[in-house]
Amino acid sequence: MHEMPKIFVGGIPIDISAVLMLLISCTVVFVLVMLSVRKLSVENPSKLQNFMEWVVEFVEGVISSAMDLKKGKPYISLGLTLILFIFVSNLLGLPFSVVTEAHGPVTVFGHVIEATRNLAHGDHVEILWYKSPTADINITAGLAIIVFILMNFLGIKLNGKHYFKHYIEPFPIFLPLNIIENLAKPVALAIRLFANIFAGEVLITVILKLGILSIPFLAVWQGFSIFVGALQAFIFTILTMVYIAQMTIHEEEAH
């Protein structure tokens, strides 16, 4: 069982591997986007530019399936950010993982990693430094909470009284159920994404135990994991747009 490189700063637990992988994901997405728009051309677009234009069109299609694109245009940048960040994050742990063995207390930025603090002489612990960020429930929960806050804020701002009215529809007795439904949305978003990516990485670890026999199985599973990573990025993004549409667009407007 691998331990996370967790330290406490001011009493707050911080997972160094999660922070590191988030920085890597953000850097990869930023570099990818910057390279795709570096030499914009209408007559002779680069392959990266064509790819990014296709992603933008795909996100527009995702948004238009949840709401009128005229109302959904402000959310194109949100959808693009989510789908690229989650897709890249889902794939980072596929090629390899980085695990070190600690035989005594390990210090990071002047703070001792908790899993190594009480190691006795002769004991050791394996520290996992590199993994998919979305294989961590804290990361997926953070993403889901951002979506939850955003969709409710936009609902109050853009839908006014209809936002509050929908909690007592079709009858006031449904108020508790409607509140639970709203609270369940970020929970489902977080757990679905985490469970799929975490399970994929666990299975890779199991396959590797087969030794040389694992090569064909590993190749097949990693190919399938790329599909799962893309699918989960799509599901998270389209559900985000659906939730925003439900909160911001009054039913009469939709018709």
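Tutor: In this predicted model, Val37 sits in the loop between helix 1 (16-36) and helix 2 (47-64).

Student: Why is Val37 called partly exposed?

Tutor: Its relative accessible area is 37%. Buried would need a value under 20%, and exposed one over 50%. Because 37% falls in between, Val37 is partly exposed.

Student: What makes Val37 part of a nonpolar surface patch, and which residues form that patch?

Tutor: The patch consists of Phe30, Val31, Met34, Leu35, Val37 and Leu40, and covers about 550 Å². A patch residue must have over 30% relative accessible area and no salt bridge, and nonpolar side chains are joined within 5 Å. Val37, at 37%, therefore passes the accessibility cut-off.

Student: How many salt bridges does the structure hold?

Tutor: The structure holds 2 salt bridges.

Student: What makes the pair Lys131 and Asp15 a salt bridge?

Tutor: The distance from N to O is 3.7 Å. The cut-off is 4 Å between a side-chain nitrogen of Lys or Arg and a carboxyl oxygen of Asp or Glu. At 3.7 Å, the pair therefore qualifies. Lys131 lies in the loop between strand 6 (125-130) and helix 5, while Asp15 belongs to strand 2 (residues 12-15), so the bridge ties together parts that are 116 residues apart in sequence.

Student: How do you know that Lys131 also bridges to Asp136?

Tutor: The closest N and O atoms of Lys131 and Asp136 are 3.3 Å apart. That is within 4 Å, so this pair is a salt bridge too. Through shared partners, the salt bridges join Asp15, Lys131 and Asp136 into one network.

Student: Why are Lys131 and Asp136 called buried, although they carry charged side chains?

Tutor: The label rests on accessible area. Lys131 has a relative accessible area of 7%, and Asp136 has 6%. Both values are under 20%, so both residues count as buried. Asp15 is buried as well.

Student: Where is Asn178, and what makes Asn178 buried?

Tutor: Asn178 is in helix 6. Its relative accessible area is 12%, and because the limit for buried is under 20%, the label applies.

Student: Which residues does Asn178 contact, beyond its neighbours within four places in sequence?

Tutor: Asn178 is in contact with His166, Tyr167, Ile168 and Glu169. Contact requires heavy atoms within 4.5 Å.

Student: What is the peptide bond from Glu169 to Pro170, and how do you know?

Tutor: That bond is cis, with omega near 0°. Pro170 is placed in the loop between helix 5 (137-165) and helix 6 (175-208).

Student: Why is Ala190 called buried?

Tutor: Ala190, which is found in helix 6, has 6% relative accessibility. This is under 20%, so Ala190 counts as buried. Leaving aside neighbours within four places in sequence, Ala190 is in contact with Ile137, Thr140, Ala141 and Ala144. The C-alpha atoms of Ala190 and Thr140 are 4.7 Å apart in space, although the two are 50 residues apart in sequence.

Student: Is Ser225 buried or exposed, and what makes it so?

Tutor: Ser225 lies in helix 7 (residues 214-248). Its relative accessible area is 9%, under the 20% limit, so Ser225 is buried. Not counting residues up to four places away in sequence, Ser225 touches Leu91 and Leu94.

Student: Why does Gly160 not count as buried?

Tutor: Gly160, in helix 5, has 28% relative accessibility. Because that lies between 20% and 50%, Gly160 is partly exposed. The C-alpha atoms of Gly160 and Thr248 are separated by 8.6 Å, at 88 residues apart along the chain.

Student: What share of the protein chain is buried, and how many helices and strands are there?

Tutor: Buried residues make up 37% of the 255 residues. The chain has 8 helices and 6 strands, in the order β-β-α-α-α-α-β-β-β-β-α-α-α-α.

Conventions:
Residues numbered from 1 in each chain as written. Predicted model: local features only at pLDDT ≥ 70, side-chain atom pairs only at ≥ 80, totals over all residues. Heavy atoms only, no water. Helix = DSSP H or I, 4+ residues; strand = E, 2+ residues; numbered from the N terminus. Buried < 20%, exposed > 50% of the residue type's maximum accessible area, 1.4 Å probe, protein only. Patch = residues over 30% accessible without salt bridge, like charges linked within 9 Å, V, L, I, M, F, W, Y side chains within 5 Å. Areas by Shrake-Rupley, 256 points an atom, 1.4 Å probe, with all protein chains shown as cover.
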